[in-house]
Amino acid sequence: MTDTARARKLADRIQVVVAQTLERRIKDPRLGFVTITDTRVTGDLREATVFYTVFGDETEREATAAALESAKGVIRSEVGKIGVRFTPTLTFVADALPDNARNIDDLLDRAKAIDAAVRTTAAGATYAGDADPYRVPASERDDEDE
């Protein structure tokens, strides 16, 4: 087993090589506007998972996934030029981060709307009982009256 620092360094290098290869060597028209967001390598340095995002709609995402699958061999051969003993197998996974961020933004917008509704309801509200709901002993009440 290798240490995690070496796996992390290899993952960073693979991320750069994959991004450069997609930019310079892969001329597939199905390939959309792709951003390589992260790369993770297993502890034995045999498998690498490359996370990517695609700017566009669902059809562009599917076309880009097909283009990446067909170009996997070329990209792996470029990764092999890094100088490791065993070239890791590549797995491309669409990153769910933008979808999660969009979902969180929607939830925050809903929470703001609910807070605004509560704020407007509370603006005209009055107390159901006394302004001071706590019981005060009779001796302290007499002191306040004087």
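**Values and their rules**

Modeller: Thr21 has a relative accessibility of 4% and therefore counts as buried, where buried means under 20% relative accessible area, exposed over 50% and partly exposed in between, with a 1.4 Å probe and protein chains only. The model is predicted, so that local features need pLDDT of at least 70 and side-chain atom pairs count only at pLDDT 80 or more, while totals for chains, interfaces and linings use all residues. Residues are numbered from 1 along each chain as its sequence is written, and side-chain values use heavy atoms, with hydrogens and water left out.

Colleague: Where does Thr21 lie, and which residues does Thr21 touch, not counting those up to four places away in sequence?
Modeller: Thr21 is in helix α1 (residues 4-24), a helix being a DSSP run of H or I with at least four residues and a strand a run of E with at least two, numbered from the N terminus. Beyond residues up to four places away in sequence, Thr21 touches Ile26, Ile75 and Glu78, contact meaning heavy atoms within 4.5 Å.

Colleague: What share of the 146 residues of the protein chain counts as buried?
Modeller: By that rule, 23% of the 146 residues count as buried.

Colleague: How does the radius of gyration of the protein chain stand against that of a compact globule of 146 residues?
Modeller: The protein chain has 29 Å, whereas a compact globule of 146 residues would have a radius of gyration near 15 Å; the radius is taken over C-alpha atoms, and the globule rule is 2.2 Å times the number of residues to the power 0.38. The C-alpha trace spans about 90 × 40 × 15 Å along its principal axes.

Colleague: Which secondary structure elements make up the pattern of the protein chain?
Modeller: Read along the sequence, the pattern is α-β-β-α-α-β-α-α, which comes to 5 helices and 3 strands.

Colleague: What is the volume of the largest pocket, and which element gives the largest share of its lining?
Modeller: The largest pocket has a volume of about 250 Å³, and α2 gives the largest share of its lining, 4 residues. A pocket is an open set of points on a 1 Å grid over the protein atoms alone, where a 1.4 Å probe fits, with protein on both sides within 12 Å along at least five of seven lines, and lining residues have an atom within 4 Å of a point. Grid points are joined across faces, edges and corners, and the volume is the space filled by probe spheres set on the points.
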